[in-house]
Amino acid sequence: MKVLSVASEAVPLVKTGGLADVVGALPGALAPHGVEMTTLLPGYPSVLAALGGRRAKVLHTWDALLGTPARLLAGTLPDGHPLLVLDAPALYAREGAPYTDAAGIDWADNWQRFAALGKAAADIAGGAILKRGKPQGFDLVHAHDWQAAMAPAYLRYVPLGAARCRSVITIHNMAFQGWFAPEVFDRIELPQSAWALDGVEYHGGLGMLKAGLSSADAITTVSPTYAREIRSSAFGMGLEGLIVERGAAVHGILNGIDANVWNPASDTALAAPYSHRTLEKRRAGKRALEAEFGLDEGDGPIFIVVSRLTWQKGMDVLPEVLDHLVGSGGRLALLGSGDAALERALIDGAARYPGRIGIRIDYDEGLSHRMQAGGDAILIPSRFEPCGLTQLYGLAYGCVPVVARTGGLADTVIDANPAALAAGCATGIQFDGVNYDALAAAITRTVQLHAQPEIWERIQKNGMKSDFSWEASGKAYADLYATLTA
Ligand code: ADP
Ligand code: GLC
């Protein structure tokens with residue numbers, strides 16, 4: 001089975017969040033199940049540089065892809081899986097972030113940048129690549145989030161090539177929907193019939209995620225609980241009706257973690273690798289973390305936060321609980337960036353507690369690994385969380401997750417309540433509701449559990465031994481592809 005995975009980010013080439021981790025891991029997760037997955041990415045500068053510049057092999061040329069010249073370049077991901085890069089300099093060759101300029105403002109032509117990605121994907125699936133004169137099609141296109149969501153729509157409305165190519169769209173975050181003013185519809189080369197309630201029209205404009213959700217043969221999201229939650233208005237963000245209507249086609253498949261990247265026993269970012277058998281080695285990681293964040297040395301728990309600083313992640317509640325966290329005997333090391341007001345509130349909070357709270361406003365992959373290895377507990381007070389990866393990394397690293405009971409956080413952490421402690425299966429702490437009282441109570445519980453070394457170590461080891469590899473989820477995707485293409 002040949003699958004074209006279409007996305008706007010993939011590790012290690014370009015990453016703004018968990019989407020990149022998942023897209024980068026999927027080809028390796030699917031290969032054992034007989035699926036050859038090729039990944040299509042936009043030709044951002046970092047992606048072209050990894051390909052070795054524009055000298056890479058050209059597989060196809062568009063004189064005008066939605067009005068702009070483009071080429072399809074061939075490459076491989078660092079793990080050896082096939083990569084296709086859409087080199088359209090007018091759309092992607094610019095400094096800044098994938099979706100915004102350096103000041104954080106959305107690129108004004110995002111409609112064109114990502115409609116072109118979807119159109120290119122449909123052309124490729126329809127046989128644009130020729131090998132010895134014969135078109136090389138795909139059995140299925142797997143699109144991720146709104147940036148790739150036009151691919152299923154082009155496959156539906158502009159079917160090219162003889163074979164009918166199936167499509168899957170994965171929702172990694174319902175909060176980002178890719179909505180654009182109606183004028184752009186005339187410029188994306190879809191037939192007028194696509195401008196319909198069950199097509200690409202959404203609240204009088206072009207809704208890219210909506211277009212993908214109404215066009216794809218199947219919809220997946222990244223945890224079973226989030227798949228249920230998005231049927232309600234609180235989580236569906238306006239698209240709940242469509243999700244309910246497509247109910248039978250909606251599946252929740254949990255993300256896994258890539259053990260080549262996130263494994264404390266082989267992690268090259270760590271000075272002292274360790275496993276659940278050598279937990280005592282974490283002490284060195286804790287001392288290193290204290291030094292890196294300017295924290296006083298001590299045996300009390302260090303909470304860590306590695307996060308986008310946004311409302312979704314509950315980061316507005318964090319400044320309110322700093323007094324309680326420190327008053328309970330905890331310390332905090334935070335790495336994150338995002339909302340400027342939240343960044344300021346956290347910096348101000350930290351300034352009141354030198355030696356107890358250290359804040360790093362930055363994006364630093366290596367540091368994020370060292371924090372999981374040196375911290376005692378990772379705080380994740382998300383208001384919604386489609387899957388969440390940092391709690392999975394915490395589990396694997398013995399950094400106990402303290403999480404809001406929502407989405408994938410609810411599905412992956414076993415709360416240390418009396419029953420779970422008695423049964424010896426607890427892996428973390430869960431709390432209900434993202435507010436001062438809930439978060440403060442969860443911090444208190446964490447500090448109390450941490451003060452009981454035997455119980456704490458049991459919780460750490462349970463997490464480290466739990467299996468969040470891609471094994472089961474890779475098979476679930478492969479099974480879904482098989483039913484769609486049968
Ligand atoms: P989301 O994709 O919603 O941000 P996830 O938990 O799925 O949430 O994934 C976040 C990913 O981004 C993880 O790999 C996490 O380690 C990483 N990350 C988030 N913020 C930072 C940061 N400031 N520095 C380094 N890595 C970060
Ligand atoms: C999104 C979600 C996050 C999920 C990630 C990867 O960014 O916010 O919960 O883990 O995608 O699927």
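**View 1. The shell around ligand 1 divides into five nonpolar, seven polar and seven charged residues.** Here Ala, Val, Leu, Ile, Met, Phe, Trp, Tyr, Cys and Pro count as nonpolar, Asp, Glu, Lys and Arg as charged, and the others, including Gly, as polar. The model is predicted: local features need pLDDT of at least 70, side-chain atom pairs count only at pLDDT 80 or more, and totals for chains, interfaces and linings use all residues. Side-chain values use heavy atoms, without hydrogens and water; residues are numbered from 1 along each chain as its sequence is written, while chains are lettered from A and ligands numbered from 1 in the order in which they are written. Ligand 1 is surrounded by 19 residues (near means a heavy atom within 4 Å). Lys15, Gly18, Asp21, Arg308 and Lys313 are the closest.

**View 2. Polar contacts of ligand 1 involve Asp21, Asp362 and Asp364.** A polar contact is a pair of N or O atoms within 3.5 Å. A polar side-chain atom of Asp21 sits 2.8 Å from a ligand 1 oxygen.

**View 3. Strand β15 gives the most to the shell around ligand 1, with three residues.** α1, β15, β16 and α15 (390-397) each supply at least two. Helices (H or I, at least four residues) and strands (E, at least two) are DSSP runs, numbered from the N terminus. Domain 1 (2-256 + 470-485) and domain 2 (279-465) each give at least three residues to this shell; the bounds come from an automatic or database domain assignment.

**View 4. Six strands form an open sheet with parallel pairing.** The order is β17-β16-β15-β18-β19-β20 (a pair needs at least two DSSP bridges). β17 (357-361) and β20 (429-431) are at the edges with a single partner strand each, so one side of each lacks a neighbour in the sheet. Eight bridges join β15 (residues 302-309) to β16 (residues 331-338). Val305 has Leu334 in β16 as its bridge partner.

**View 5. Ligand 2 lies between domain 1 and domain 2, because both give residues to its shell.** The shell has 14 residues; His172, Asn255, Glu385, Cys387 and Gly388 come nearest. Helix α1 (residues 18-30) supplies the largest share, three residues. Ligand 2 oxygen atoms lie 2.8 Å from a side-chain N or O atom of Asn255 and 2.8 Å from a polar backbone atom of Gly388.

Note on methods. Polar contact = N/O pair within 3.5 Å; in protein donor to acceptor, adjacent residues only side chain to side chain.
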